[in-house]
Amino acid sequence: MLYEKSCYFWSCWTYRKVHYTQNAKTEGIELSAFVRNPQKFSDMDMTGVNIIQGDALNEEDVLRAMEGQDILFCSLEGDVLTMAKNIVAALDKTTVKRIIWITGMGIHHEITGVRGMMLNRYAKQRPEYIEAADVIAASNAVTTLLRCPGIQNGDNEKYELTKEGIQPSNRNVDRAAIAQCMADMIADESMGVNDSLAITNAK
């Protein structure tokens, strides 16, 4: 059963957050957004969303933002390793119990074939993204690594999840599908617990 939860989106507010915001409003979820620049929301309907300005690179901002929250949805760019460490360091001082960390497919060399070779080369260029995901997964929170392939704009909410080691059947995922998956993980707390899942559009 879905009960009231406080959920937080962290930085990089995108099209998928718009979809999720719409879902949250209809399902009674208390939603907050943590961003450096609130002007990003100037063309969005953010009614009912608690917007907190801050920097995920600042430990005090991170601690302040996490207070009173139950679940974090993290979609971050830049110095993600420092951000991940700040989040983990604040866990014992806040109410956050679950982190859903959006990252890239191929971070653990789990994709095979030619595509896997291409993803491996890309992963080597950004090792901090791999380490950040591992820092989150090793924390004392309930975590889900949501590994995304090519993300595209679109309204398709049907998605497929595959465990790490199983090859996904699709190469892309709509932002609306990611948003729907996040909403489903709130509704079903057993979904994706301490797991690394690839998300793609369902066939």
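The largest nonpolar core of this predicted model has 28 residues, and those with the most contacts inside it include Met-66, Leu-72, Ile-87 and Trp-101. A nonpolar core is a set of buried Ala, Val, Leu, Ile, Met, Phe, Trp, Tyr and Cys residues joined through side-chain atoms within 4.5 Å, where buried means under 20% relative accessible area with a 1.4 Å probe, protein chains only. At least two residues of this core come from each of α2, β4, α3, β5 and α5, and α3 gives the most, with 6 residues. Apart from it lies another core, of 18 residues, among them Phe-73 and Ile-199.

Residues are numbered from 1 along each chain as its sequence is written. Local features need pLDDT of at least 70, side-chain atom pairs count only at pLDDT 80 or more, and totals for chains, interfaces and linings use all residues, while side-chain values use heavy atoms, without hydrogens and water.

Helices (H or I, at least four residues) and strands (E, at least two) are DSSP runs, numbered from the N terminus. Helices α2 and α3 pack at an angle of about 50°, with their axes 9 Å apart. The contact, meaning heavy atoms within 4.5 Å, is made by these residues:

| Helix | Residues in the contact |
|---|---|
| α2 | Glu-59, Val-62, Leu-63, Met-66 |
| α3 | Asn-86, Ile-87, Ala-90 |

Thr-200 lies in strand β10, residues 195–201, and is buried, with a relative accessible area of 1%. Among the residues that Thr-200 touches, not counting those up to four places away in sequence, are Met-105, Tyr-159 and Asn-172.

Notes. Buried < 20%, exposed > 50% of the residue type's maximum accessible area, 1.4 Å probe, protein only. Axes fitted to C-alpha atoms, helices over the stretch in contact; angles between N-to-C directions.
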